[in-house]
Amino acid sequence: MKRFFLLFIICIVLLFSCTDRDDNVNMVNIRIQNSTSLFLSEVRIAKSDTVYENIEIDKFSEYLEYEKAYATAAVNILTDSTSLNYFPEEVPADSLPIGFYTYEITLDEENNVGLIFKIDD
C-alpha cells in the first residue's frame, strides 16, 4: 500500500511539473535562422523596428515577442563587411496567430537575400 501511495504521489508531481514552452505564450514569437556563410551582426525587422544581434553561421537567434507579425517582412541585415536588404514581393494582410516561428535568412550566388518562413513545433 505504501508503494502504491508513493508511486501515485510521484505520478501527480510529474504530471503537474511538466510544462511546454508554449504553455504560457500570449504573443507571436519569432527567431532568425542564419543559413548564410556570413556572421550576421544585426538583423532588423523593418516594420516593427526589432533588432536581432550577433547570429552565427548556421545558428538561431533567441525568440523575440511581437504583438503583430507576418509570414514575411522587410529585413535589413548588417554583416562584418556589407549591408543587405530583403523586401517581400507581397505583404500579407493578416497577422500570425500566437505561436513560435522562424525566419530563415539565405543568400544566393549573387548575394540576393531570401527569407523562408517556418512554423516551429
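Reader: In what order do the elements of the protein run from the N terminus on?

Author: The elements run α-β-β-β-β-β-β-β-β, that is, 1 helix and 8 strands. Helices (H or I, at least four residues) and strands (E, at least two) are DSSP runs, numbered from the N terminus. This is a predicted model, in which local features need pLDDT of at least 70 and side-chain atom pairs count only at pLDDT 80 or more, while totals for chains, interfaces and linings use all residues. Residues are numbered from 1 along each chain as its sequence is written, and side-chain values use heavy atoms, with hydrogens and water left out.

Reader: What share of the residues is buried?

Author: Buried means under 20% relative accessible area, exposed over 50%, and partly exposed in between (1.4 Å probe, protein chains only). Of the 121 residues in the protein, 33% are buried. Ile 77, in strand 5 (residues 75-79), counts as buried because its relative accessibility is 1%. Its C-alpha atom is 6.9 Å from that of Leu 40, 37 residues apart along the chain.

Reader: How should I read a salt bridge, and how many does the structure hold?

Author: Side chains of opposite charge can pair when their charged atoms come close. The criterion is a side-chain nitrogen of Lys or Arg within 4 Å of a carboxyl oxygen of Asp or Glu. The structure holds 4 salt bridges. One of them joins Arg 31 and Asp 120, with the closest N and O atoms 3.4 Å apart. Arg 31 lies in strand 1 (residues 28-34) and Asp 120 in the segment after strand 8, so this pair ties together parts that are 89 residues apart in sequence. Arg 31 is buried at 19% relative accessibility, and Asp 120 is buried at 16%.

Reader: Which residues are linked in a network of salt bridges?

Author: Glu 42, Arg 44 and Asp 49 are linked in this way. Between Arg 44 and Asp 49, the closest N and O atoms are 2.9 Å apart. Arg 44 is partly exposed, at 25%.

Reader: What lines the largest pocket?

Author: Rolling a probe the size of a water molecule over the atoms shows where empty space is left. On a 1 Å grid over the protein atoms alone, a cavity is a set of points where a 1.4 Å probe fits but cannot get out; a pocket is an open set with protein on both sides within 12 Å along at least five of seven lines, and lining residues have an atom within 4 Å of a point. Here 15 residues line the largest pocket, with Ile 45, Lys 47, Tyr 70, Thr 72 and Ala 73 nearest its centre.
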